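Let's take a walk through a protein model together. Have the sequence and the 3D view ready, and turn the model as you read.

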Amino acid sequence: MARILIPTDFSDDSMHAATYAVDLFGRKGNQYTLLHTFVDAAVDPYLSVSFTNELMQAAEDGLRLFTDRFVRSTGAEGVEQRVLYGNLAPAVSDMFRDDHSDLVVMGKRGRSRAISFGSSVVDVIKHARASVLVVPEHASKVELKHILLADDHEETLPSDLALLRRIALMKKAEVVVAHMEMELVEGHDHWSNALYEIALEGVPHTFTTAHGREPVHGLEHMAHQRRMDMIVILHRHLGLLEGLFHHSTAKELALGTDLPLLVLQHGRG
């Protein structure tokens, strides 16, 4: 059973992401938790209690309507609803940990294609310590056959890639491990290839080198050149790919690519 946490602002993009999650994992045998958070920093402190109660009621009503649409359109079973007061990233972090979730699935943008929800995506990736799947608004029904996995030459544990392996086996997909650009001695494999043989046991996989001025450019170029269906990166606090999570560059990759982006957390297991 997969435990999927789906934050929503009730927009069409967040509904698209929720639907994508069901296409990926299936209608039955999973737990889908729809989460809506809200804040209003401008509220007068003397009115905050009563006003927050009104906001909570409106949020609960909105989530109930969103959930009804979600269930009708997908046929998903095991659907739960949660409304919380506060910022999204801390709420996701707490729920991801306490509910033992496997994955957070989010759309890139929110109401009116606004960037505000997209900025929350970046905050969740950077701070929530959760594995996150960012679904672009034009991502089609899941035909997941080719997955591009970035390798940053740092330690990779089998537990780091457990979710990727699970998805690849489920969808019978091939994984292409792209070593970020470096010089290799001709006729010699990259030292980490043996680690991937263990972590991706049973999954068809190959190795290649990604070229580009920056990791984001190299990955996107290769993904489109090879007609990949998803990009996967491993988020760690040190190492080459940490540069992807400076705010501006994270926005470029998480919000700019037209392919689903799966961000796994190093050392979570």
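How do the axes of H1 and H5 cross, and within what distance do they come? The two axes come within 10 Å and cross at roughly 70°. Axes here are lines fitted to C-alpha atoms, for helices over the stretch in contact, and angles run from 0 to 180 degrees between N-to-C directions. H1 and H5 are therefore roughly perpendicular to each other, a label for angles of 65 to 115 degrees. Where they meet, Asp23, Leu24 and Phe25 in H1 touch Ile167, Met170 and Lys171 in H5; contact means heavy atoms within 4.5 Å. By class, this contact has four nonpolar, no polar and two charged residues. Ala, Val, Leu, Ile, Met, Phe, Trp, Tyr, Cys and Pro count as nonpolar, Asp, Glu, Lys and Arg as charged, and the others, Gly among them, as polar.

A word on what you are looking at. This is a predicted model, in which local features need pLDDT of at least 70 and side-chain atom pairs count only at pLDDT 80 or more, while totals for chains, interfaces and linings use all residues. Residues are numbered from 1 along each chain as its sequence is written, and side-chain values use heavy atoms, with hydrogens and water left out. Helices (H or I, at least four residues) and strands (E, at least two) are DSSP runs, numbered from the N terminus.

Now find the sheet. Two strands pair if DSSP finds at least two bridges between them.

Let's zoom in on E2 (residues 31–38). E2 pairs in the parallel sense with E1 (residues 3–7) over five bridges, and Leu5 stands opposite Thr33. Between E1 and E2 the chain passes through helix H1 (residues 12–25), making a right-handed β-α-β crossover: with the strands pointing away from the viewer, the path from the first strand over the helix to the second runs clockwise. E2 also pairs in the parallel sense with E3 (residues 79–85), over seven bridges. There, Tyr32 has Val79 as its bridge partner, and His36 stands opposite Val83.

Which way do the side chains of E2 point? Gln31, Thr33, Leu35 and Thr37 point one way, Tyr32, Leu34, His36 and Phe38 the other, and all are buried (under 20% relative accessible area with a 1.4 Å probe, protein chains only; over 50% is exposed and in between is partly exposed). With eight of its eight residues buried, E2 is therefore largely enclosed by the rest of the structure.

Terms used
Angles under 35 degrees count as roughly parallel, over 145 as roughly antiparallel, 65 to 115 as roughly perpendicular and the rest as oblique.
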